[in-house]
Structures are given as structure tokens and as C-alpha cells.
Amino acid sequence: MSTGAIIAIVIGVLILLAVLWFVGRAGRQRRLDTRRDQAREIRREAEVGTAQADKSRAEADAQAAEARRQEALARERAATADEQHQQARERHIEAAKKDPDADPDEAAAEFDQRNPGTTGTTGTDAGGDQSVEHYERTADSNVERERRFERDEDGDVVRDDTYEQPRQNG
């Protein structure tokens, strides 16, 4: 073989290697672009999931706040009702004191008999217990918590139980 033929073969091989290198690089770039697109889609789905979780958390927080507001309103109304009841009872006793034919103690007993269970706070049971039990459930990314606590009629916590459990993701 002549020198020119050998040079032509070497140049041909070099050109072939360059073409294969460019084709391989273009294929690698396409694979990387595909993986980038997949990663971008997964991130977008994760952001949507995070937004939905944030929305759910906000709704749960709003519901909890509304429940606390309703509970406070109920306590306020119960206190107002108790106050009005006490004022009515006092007026009955005052009227009995003014009436020469009535006994204030009998008037008070009769009032209490006609209006049972209206003194004290709401939520009394048959045993006369005026305690209030609360239930609260919260969760973060790792742990779910349940808390139950009970207050007596003076507002002191008499029982406080907290349960934690690892969150089941999946």
C-alpha cells in the first residue's frame, strides 16, 4: 500500500472516530435532557403535593381556630346564662323578702327546684361533675400527636395525656 492510501485510511478512521464521538455526545446530551425533564416533572408534582398539604394544614388550622372560637363563645354564653339565672334567683328571693306572706328560703328552694341544673357551668353529668374534656390532634411531617386533657370546674388541668406515633408516609 502506498503512503497516500495509509494516510487516507488514518484520516478516514479519525473522521469516523470524531463522528462517533459527536453522535455519542449528542445521545448522552439527549439522555441527560430527558432525565432533567423527568426531574423537573417530579419537582413540579412535589410542589403541587406540598401546596395541597399546606392547604389542608391551613384548613385544619382554620377549623381548629373556629372550634376554639365556638368553644369560647359557648363558655361566654353559658357564663352569661348563669349570671342571668343568678340574677333571676336573687330577684325571686328579694321579692319573697318584700312579701310578708312568703319565706325567702322557701322561694329560693322553689326556684332551684323549678330550674334544676342551671347553676354552675354547662356540661354537667348526672354525677354533678362540671369538668371539661378537650381533644386535640396534630401532625407534622414525622409524627402524629393526640392530646386529651381534662379541666375541673376551677379550670385546673386534672388529666393530660399525649400520644405520639411516627407518621405513616406512603
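**Reading the model**

Modeller: Arg36 and Asp33 are both in helix α1, three residues apart, about one turn of the helix. Helices (H or I, at least four residues) and strands (E, at least two) are DSSP runs, numbered from the N terminus. This is a predicted model, in which local features need pLDDT of at least 70 and side-chain atom pairs count only at pLDDT 80 or more, while totals for chains, interfaces and linings use all residues. Residues are numbered from 1 along each chain as its sequence is written, and side-chain values use heavy atoms, with hydrogens and water left out.

Biologist: What is the mean pLDDT of the protein?

Modeller: The term pLDDT denotes the predictor's confidence in each residue, from 0 to 100. Here the protein has a mean of 83, with 88% of its residues at 70 or more.

Biologist: How far apart are the closest N and O atoms in the salt bridge of Arg36 with Asp33?

Modeller: Side chains of opposite charge can pair when their charged atoms come close. The rule for a salt bridge is a side-chain nitrogen of Lys or Arg within 4 Å of a carboxyl oxygen of Asp or Glu. That rule gives a count of eight salt bridges. In the one between Arg36 and Asp33, the closest N and O atoms are 3.1 Å apart.

Biologist: Why does Arg36 count as partly exposed?

Modeller: The classes rest on relative accessible area: buried is under 20%, exposed is over 50%, and partly exposed lies in between (1.4 Å probe, protein chains only). Arg36 counts as partly exposed because its relative accessibility is 42%. Asp33, at 34%, is partly exposed. For the protein, buried residues make up 9% of the 170 residues.

Biologist: Which residue meets Arg89 in a salt bridge?

Modeller: The partner is Asp112, at 2.8 Å from N to O. This pair links distant parts of the chain, 23 residues apart: Arg89 is in helix α1 and Asp112 in helix α2 (residues 104-114). Asp112 is partly exposed, with a relative accessible area of 30%.

A further salt bridge joins Arg114 to Glu110, with 3.9 Å between the closest N and O atoms. These two are four residues apart in helix α2, so about one helical turn separates them. Glu110 is partly exposed at 45%.

Biologist: Which residues make the nonpolar surface patch of about 910 Å²?

Modeller: Patches are made of residues with over 30% relative accessible area and no salt bridge; like charges are joined within 9 Å, and nonpolar side chains (Val, Leu, Ile, Met, Phe, Trp, Tyr) within 5 Å. Areas come from the Shrake-Rupley method with a 1.4 Å probe, and for residues only the protein chains shown count as cover. The patch consists of Met1, Ile6, Ile9, Val10, Val13, Leu14, Leu16, Leu17 and Leu20. Among them, Val10 lies in helix α1 and is partly exposed, at 43%. The accessible surface of the whole protein is about 13900 Å², and 51% of this belongs to carbon and sulfur atoms.

Biologist: How many aromatic pairs does a search of the whole structure find?

Modeller: Rings of Phe, Tyr and Trp (its six-membered ring) pair if their centres lie within 6.5 Å; planes under 30 degrees apart count as stacked, over 60 as edge-to-face and the rest as tilted. The search finds one aromatic pair. The ring centres of Trp21 and Phe22 are 4.9 Å apart and their planes are at 65°, so the pair is edge-to-face. Trp21 is partly exposed at 48%, whereas Phe22 is exposed at 51%.
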